[in-house]
Number of protein chains: 2
Amino acid sequence: MIISSSLNISTSTHRGDINDDDNFESSIAAEGYVINSVSAPLKLFTFERRLPNDDDVLIRIYYCGICHTDIHQWKNNWEHSNYPLVPGHEITGVVERVGSNVKRFRIGDRVGVGFIVDSCLSCKNCGNNLEQHCPDASYTCNGIERDKVTPTYGGYSNFITVKEHFVCKIPKNLPLDAAAPLLCAGITTYSPLREYNVGKSTRLGVIGLGGLGHMAVKFGVAMGAHVTVISRSRSKCFDAVKLGAKAFIYSKDEEKLKLADDSFDFIMDTTSVVHNVVAMMNMLAFKGVYCMVGASPKSVEIAPFFLIAKRPIITGSLIGGMKETQEMLDFCSKHEITCEIEKIEATPKQIQMAYDRILKSNIRFRFVLDIINAFK
Amino acid sequence: MIISSSLNISTSTHRGDINDDDNFESSIAAEGYVINSVSAPLKLFTFERRLPNDDDVLIRIYYCGICHTDIHQWKNNWEHSNYPLVPGHEITGVVERVGSNVKRFRIGDRVGVGFIVDSCLSCKNCGNNLEQHCPDASYTCNGIERDKVTPTYGGYSNFITVKEHFVCKIPKNLPLDAAAPLLCAGITTYSPLREYNVGKSTRLGVIGLGGLGHMAVKFGVAMGAHVTVISRSRSKCFDAVKLGAKAFIYSKDEEKLKLADDSFDFIMDTTSVVHNVVAMMNMLAFKGVYCMVGASPKSVEIAPFFLIAKRPIITGSLIGGMKETQEMLDFCSKHEITCEIEKIEATPKQIQMAYDRILKSNIRFRFVLDIINAFK
């Protein structure tokens, strides 16, 4: 049931209009960019978004970050891409309508949506605020809704309808554009730092200084850790220092790398390209934690002797639950942390340019699509 | 300074006699079995043990367990064997002499010595009761003393002199023969179970049912865990149940293995032969712990996606510190736990037989050498 709306309701299905059939409103015409195959370029796409059910929020999307995952999904690198695919899972916008049971949001609220839009909310993981690990979770794009039929379309579009539970509040002091990537790059790096109590005494190594890596540095610095950036791009040294890192290691210099053996209490590996993980793990201190958040396609080889002698914790992490995502946003508000972004027009040409530059690691640090000005 | 002795002191250097040079006693003639090369059989060997310094304990060895490590060291599987090598690091015996500063032991006390005989006692790891991870630790055999000159000779011998700190008390209700393997197989499996709080709610999987594995089962059962044994020997099923395991998985049956996916909160991998670790790790529940204590020579391949989606803790463990080793022995006393052993004569022929049977996994569960009756 719709209780309020700032949209004009009509029977036509123009952009942003609501499909009204004998006063039974059920969907809104949305626009976005779609990928139809591994080799196809992005194209304009019109589709339907459901109007809010009782516990839903309809959001007018303002900005959407570009994550490396978008490219992996386009290129089917992980072999589970479902076309047609509307990418985008770093979404900020403004509430346009709310369902009758929605309690936390009102029209006009500034909100964000990340990697998931639904889950069962009754399993053990959901009960533990780890909705992202619910076996029945619906991903924001390249997924399927819980009806097991409707594909989910992501944030390269002008509207999205999401169950209230999966919507976060964007604190007032965070601009919507620079906050968008917090919903994935932010929470992905924040969550494991919290899980393993990274703080003042922590020697933190961050591998890769892209969208995820630069957020890990910002969070690590805010938490009081001694942060070192490890990167294969020498040019990132200056950025690392600017972001608050105390040291920089050029990872192609194997001798320098060796000097850093046994140095870090916690290493966050944010790279999703193939790299020398063995050399990276050697930099762990005794009982250190190595956390992978970038999904490199190649398996990591670990010697049992290494595990026995160093007793590390080798682990990974996947975004964060909804409670922790809101906590992260509030942490960002308190510490005035946002992403370093390059805001671009939401056109297929500009998106392609962004993808090309991401693949060349030529980015500081996250592209954000200016959705609100693209689909007026 | 020697304050007391039950040995006859003489100037000759016969078995068990003390080298006495102008009343300056410095060493005792010891006998043992030595490995001189990767292809040589065990041979009788006479050598010197130092007489106790102020903080040393001289132990008459009664029993010594045979660990798979002994074979690895003989065959130089880990490429750091130093010949001549007297194996053995699961030692029990009786105190023969004590140095003037020794406080915890008196002549006649029943004692045990495990994998290490010395460490710096001043580094961070030593301070954290993790002497086994001291960079300057001396291993009981195939090692070097802290003078960096004297090789360490292990427990396939009749005497050993050890700094008090590295000697444990064997509780009265534990027989010395069946207690010997507790000093390695016992503490190796006890320590990680404690570190990760294995207890009543834990679904514990134990891979391999040899010397280490059967101790892991006993400890797991005593701690209240639900224990499952995973073995490539179907015949071990009966033993597993007898030891208190609630379930058994035959690891060569890949379909059965698959059924156990996501089943265990903690898996202890005790095997030191090459095995399908990927299939084993799949049996981990979400956020489960996989701990390697058997040093398989082959690297383990782990997919980053596995780490990210399952968020496991992949780790290893190496024996235990001295404080925890004593705690383990006291736990064994309380729960009346010892090793299941096959006591054999300490002769080169019998040891060779034991090695052959260990390599064929034809053992229930630990061979223990009857040292006291071999070197009278």
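## Annotated domains

UniProt places the feature "domain: Alcohol dehydrogenase-like N-terminal", from an unreviewed entry, at residues 54–172 of chain A. UniProt positions follow the numbering used here, feature names are shortened, and annotations may be inferred rather than shown by experiment. In this span, the end C-alpha atoms lie 26 Å apart, and the content is 9% helix and 33% strand. Helices (H or I, at least four residues) and strands (E, at least two) are DSSP runs, numbered from the N terminus.

The feature "domain: Alcohol dehydrogenase-like C-terminal", also from an unreviewed entry in UniProt, is at residues 211–333 of chain A. Residues 211–333 of chain A are 41% helix and 26% strand, with 19 Å between the end C-alpha atoms.

## Basis of the model

This is a predicted model, in which local features need pLDDT of at least 70, side-chain atom pairs count only at pLDDT 80 or more, and totals for chains, interfaces and linings use all residues. Residues are numbered from 1 along each chain as its sequence is written, chains are lettered from A and ligands numbered from 1 in the order in which they are written, and side-chain values use heavy atoms, with hydrogens and water left out.

## Relation of the two chains

The same surface serves both copies, as 100% of the contact residues of chain A recur in chain B. Copies are superposed by least squares on the C-alpha atoms of residues with pLDDT of at least 70 in both, and contact means heavy atoms within 4.5 Å.

In chain A, helix 4 (residues 185–195) and helix 5 (residues 211–222) pack at an angle of about 45°, and their axes are 8 Å apart. Axes are lines fitted to C-alpha atoms, for helices over the stretch in contact, and angles run from 0 to 180 degrees between N-to-C directions. Helix 4 and helix 5 of chain A are therefore oblique to each other; angles under 35 degrees count as roughly parallel, over 145 as roughly antiparallel, 65 to 115 as roughly perpendicular and the rest as oblique. Residues of helix 4 of chain A in the contact include A:Thr188, A:Tyr190 and A:Leu193, and those of helix 5 of chain A include A:Leu212, A:Met215 and A:Phe219. By class, this contact of helix 4 with helix 5 of chain A has seven nonpolar, five polar and no charged residues. Ala, Val, Leu, Ile, Met, Phe, Trp, Tyr, Cys and Pro count as nonpolar, Asp, Glu, Lys and Arg as charged, and the others, Gly among them, as polar.

In chain B, helix 4 (residues 185–195) and helix 5 (residues 211–222) pack at about 45°, with axes 8 Å apart.

## Backbone exceptions

Most residues other than glycine have a negative phi, and most peptide bonds are trans. A cis peptide bond, with omega about -5°, joins A:Tyr83 and A:Pro84. A:Pro84 is in the loop between helix 1 (68–74) and strand 6 (91–99) of chain A. The bond from A:Arg364 to A:Phe365 is also cis, with omega near -5°, and A:Phe365 lies in the loop between helix 11 (348–359) and strand 22 (366–370) of chain A.

A:Glu336, a residue other than glycine, has a positive phi near 50°. A:Glu336 is in the loop between helix 10 (322–335) and strand 21 (341–345) of chain A.
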